[in-house]
Amino acid sequence: MTQETAAATTDAVLDREETISRDELEALQLSRLQHTVAYAYDRVPLYKRKFDAAGVHPTDLRELSDLGKFPFTTKEDLRLEYPFGMFAVPQNQVARIHASSGTTGRATVVGYTKKDLADWAKLVARSLRASGVRPGMKVHNAYGYGLFTGGMGAHAGAEALGCTVIPISGGQTERQITLIQDFQPDAILATPTYLLTIADAMIKQGIDPASTSLKYAVLGAEPWTEEMRHELEVTMNIKACDIYGLSEVMGPGVAGEAVETQDGSHIWEDHFRPEIIDAFDPSVVLADGEPGELVFTSLTKEALPIIRYRTKDLTRLLPGTARPAHRRMGRITGRSDDMIILRGVNLFPSQIEEIALRIPELSPHFQLELTRPEGQRMDQMTVKIERRDAVTIESGTAAAKVLQQQIKIHVGSSCTVDVVEPGSLERSNGKLRRIYDMRPKG
């Protein structure tokens, strides 16, 4: 830890709930959980139907392990209840509405009471503080504003922490760079791939990304690897930490990573009860340390309580470190619905990123193209990846062979690797699309 990082962690005033014992935290969880399941059963028709169909009642929850008796909530449930069927309060008590883009189906809609918004801001502030951001700092917010929860959630949390917020939103990369130079922010909030886009654009303008005023980056909304963290920290001379959230559970701030340890995001378990289930047999709740699908139950939400929500995010639960009572999430390896099955082998884009960034000639910019050539029954995957600026075509070709071999060794699947010109692949303006599935439908 650098002296600057050590100073940033010692002057933090923590919430009381960050410092309580695990036993105290679990007692608080049980009390809040019992209230939440009863509240949801009484106020949300979907939950009454689901609980009754499963033969469980809120009074059956006598200890934390009893949560496993209750049915899951899925994104499809929220879509079927569109727009406001999941709300547990009258419309005049809903202070704000957010929604997903709906690009893969009907949008999911979430609502917040004034108390929900205050809790959300507090937890984002807690996450930012854990990641090194301090009151009085200028915070450049490059998360998208609007119905997406990222921009406004991060904004409210930074203000609640006592920061000066620069609400630039996503996109307009040239303007982002101008404001970073002119306004001299201390921290930036963005997706990891968009921060990489900003750094690349700085280099093209002749600006050294390591020369800016930025000291901290709090990054989320997409899976990213330790290799990507190293790339960003070295390129920009910053400390980069993860923040986790999803709109169905709250938004950003469900969990946050501590700058002094950078060992995974601590889940704020005074507001959320996490579980890990077997993604292929959801009836099995896995022990801490075992990898599987992350499930969340809210403990304090008023407008939209959520019971055992299947996130599709694949990770594991680990003991707390910087916040000992609150368990950590391991790195998200991918989403179960983003998993590519290629000739019987399961793989995720994050695996390709992890391998590629160990090869010095290759950049973090890549795409995966899935095809099925006419007349063939076997799917093919092509990894399109940019070589770095100073790397020759010949060296890039040699690196492609290394990447192809490493994917075969570590993932177990054959693929084609196409090394392309620097700057030729699409750049992120928010969440980056990695997979291009061009296989015939049906």
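## Pockets, cavities and a helix pair

By class, five nonpolar, five polar and five charged residues make up the lining of the second largest pocket. The model is predicted. Helix 10 (226-236) and helix 11 each supply at least two lining residues.

Rolling a probe the size of a water molecule over the atoms shows where empty space is left. Across the whole structure, a search finds four cavities of 30 Å³ or more. The volume of the largest cavity is about 60 Å³. Its lining consists of Y112, D116, D119, W120, L123, M250, H271, F272, T300 and K301. Helix 6 (residues 114-130) provides the largest share, four residues. By class, the lining of the largest cavity has five nonpolar, two polar and three charged residues.

The two spaces are set out below.

| Space | Volume | Largest share of lining |
|---|---|---|
| Largest cavity | about 60 Å³ | helix 6, four residues |

**Helix 11 against helix 12**

Helix 11 also packs against another helix. Two packed helices are described by the angle between their axes and the distance between the axes. The axes of helix 11 (residues 349-356) and helix 12 (residues 393-410) come within 10 Å. They cross at roughly 130 degrees. The two helices are therefore oblique to each other. The crossing of helix 11 past helix 12 is right-handed.

Which residues meet? On helix 11 they are I352, I355 and A356; on helix 12 they are L403, Q406, I407 and H410. By class, this contact has five nonpolar and two polar residues, with no charged residue.

P83 sits in the loop between helix 5 (75-80) and strand 1 (96-99). S169 lies in the loop between strand 4 (164-166) and helix 8 (173-183).

Conventions. Residues numbered from 1 in each chain as written. Predicted model: local features only at pLDDT ≥ 70, side-chain atom pairs only at ≥ 80, totals over all residues. Heavy atoms only, no water. Axes fitted to C-alpha atoms, helices over the stretch in contact; angles between N-to-C directions. Parallel < 35°, antiparallel > 145°, perpendicular 65-115°, else oblique. Left-handed = near helix turned anticlockwise from the far one by under 90°. Contact = heavy atoms within 4.5 Å. Nonpolar A, V, L, I, M, F, W, Y, C, P; charged D, E, K, R; others polar. 1 Å grid on protein atoms, 1.4 Å probe; cavity = no way out; pocket = protein on both sides within 12 Å on 5 of 7 lines; lining within 4 Å. Points joined across faces, edges and corners; volume = space filled by probe spheres on them.
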